[in-house]
Amino acid sequence: MDLVQKKNDYFDIMTSELGQIEAITDELLVLARPQKHRFEQNDVVLMLQEVISMFEPQAAVFNVEMITKFADLVPFVNCVPNQLKIVFSNIIKNGIEAMPNGGDLLIKLKVVAEESVIISFSDNGSGIPEDKLAKLGDTFYTTKQDGIGLGLMVSYKIIESHEGTISVTSTWGKGTIVEIILKK
Ligand SMILES: Nc1ncnc2c1ncn2[C@@H]1O[C@H](COP(=O)(O)OP(=O)(O)OP(=O)(O)O)[C@@H](O)[C@H]1O
Ligand SMILES: [Mg+2]
């Protein structure tokens, strides 16, 4: 191998590593607990719609259809919109990545007792083996070649700071449901 080729190889490795570092710092920056004053009453429907349209191209590439089923009247929730959008992105991204050969990602928005908003994301992808469920949300836990393993950890922290709940139920080989409950 000549010197120029060797140099190019090193550059490729460095560029790829820098990309990873950038992604990690981006995720970690999100972890700073949101200040009280940044919370505002905002529309989850709009946030979800924005994130969904952002992922349309990626979904199309993998033959994934995002199907939405939203309740008619959804109350605003007290939230930091940009942070909730990060959560929705991470979960939708995971759903698409779990269905490399296509499938449906059903995104539902329900209202319970006029004060809780339930958002669920159901995919019919690979599913998660039962003994791995407890590892979800661990820092750097990933089963993906190019995964970092921060998506769910960051999402759990954000939902916690919103005093909401997030749960994952999954059947290996069948699919996964991620459910988020937010209070008005
Ligand atoms: N919808 C899903 N279907 C199947 N497995 C999932 C799903 N969501 C998460 N997982 C599993 O949980 C692991 C952790 O997810 P997480 O989003 O935290 O990290 P990641 O997707 O691997 O990497 P990244 O930091 O890029 O998000 C994944 O590697 C995958 O094994
Ligand atoms: Mg992820």
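Does Ala113 count as buried or exposed, and how many C-beta neighbours does Ala113 have inside 10 Å? In this predicted model, Ala113 has 6 C-beta neighbours inside 10 Å and therefore counts as exposed, the limit for that class being 12 or fewer. Ala113 lies in the loop that links strand 4 to strand 5. The phi angle of Ala113 is near 50°, a positive value in a residue other than glycine. Glu114 is placed in the loop between strand 4 and strand 5 as well, and its phi, near 60°, is likewise positive in a non-glycine residue. Glu114 is exposed because 9 other C-beta atoms lie within 10 Å.

The overall architecture is considered next. The protein contains four helices and seven strands, which follow one another from the N terminus in the order α-β-α-β-β-α-β-β-α-β-β. The C-alpha trace spans about 70 × 40 × 35 Å along its principal axes. Of the 184 residues, 24% count as buried. Among contacts between residues at least 6 apart in sequence, 74% join residues at least 24 apart.

The largest nonpolar core comprises 31 residues, and those with the most contacts inside this core are Val44, Phe88, Ile92 and Leu105. At least two residues of the core come from each of helix 2 (44–61), strand 2 (64–70), strand 3 (77–79), helix 3 (81–97), strand 4 (103–112), strand 5 (116–123), helix 4 (151–161) and strand 7 (175–183). The greatest contribution is that of helix 3, which provides six residues. When residues up to four places away in sequence are not counted, Ile92 touches Val51, Phe55, Leu105 and Phe121.

Helix 3 also contains Lys85. Lys85 is classed as partly exposed because 19 other C-beta atoms lie within 10 Å, whereas a buried residue would need 20 or more. Apart from neighbours within four places in sequence, Lys85 is in contact with Met47, Glu50 and Val51. Between Lys85 and Asp12 there are 73 residues of separation in sequence and 32 Å in space, taken from C-alpha to C-alpha.

The packing of helix 3 against helix 4 was then examined. Two packed helices are described by the angle between their axes and the distance between the axes. For helix 3 and helix 4, the axes come within 9 Å and cross at roughly 145°, and the crossing is left-handed. On the side of helix 3, the contact is made by Gln83, Ile86, Val87, Asn90, Ile91, Lys93 and Asn94. Helix 4 takes part through Gly151, Leu152, Val154, Ser155, Ile158 and Ile159. By class, the residues of this contact divide into seven nonpolar, five polar and one charged.

The surroundings of ligand 1 involve both of these helices. Ligand 1 is surrounded by 21 residues, of which the closest are Ala98, Thr142, Gly147, Gly151 and Leu152. The elements that give two or more residues to this shell are helix 3 and helix 4. Eight residues of the shell around ligand 1 are nonpolar, eleven are polar and two are charged.

Technical notes:
Residues numbered from 1 in each chain as written. Chains lettered and ligands numbered in written order. Predicted model: local features only at pLDDT ≥ 70, side-chain atom pairs only at ≥ 80, totals over all residues. Core = buried A, V, L, I, M, F, W, Y, C linked by C-beta atoms within 7 Å. Contact = placed C-beta atoms within 7 Å. Near = placed C-beta within 6 Å. Nonpolar A, V, L, I, M, F, W, Y, C, P; charged D, E, K, R; others polar. Axes fitted to C-alpha atoms, helices over the stretch in contact; angles between N-to-C directions. Left-handed = near helix turned anticlockwise from the far one by under 90°.
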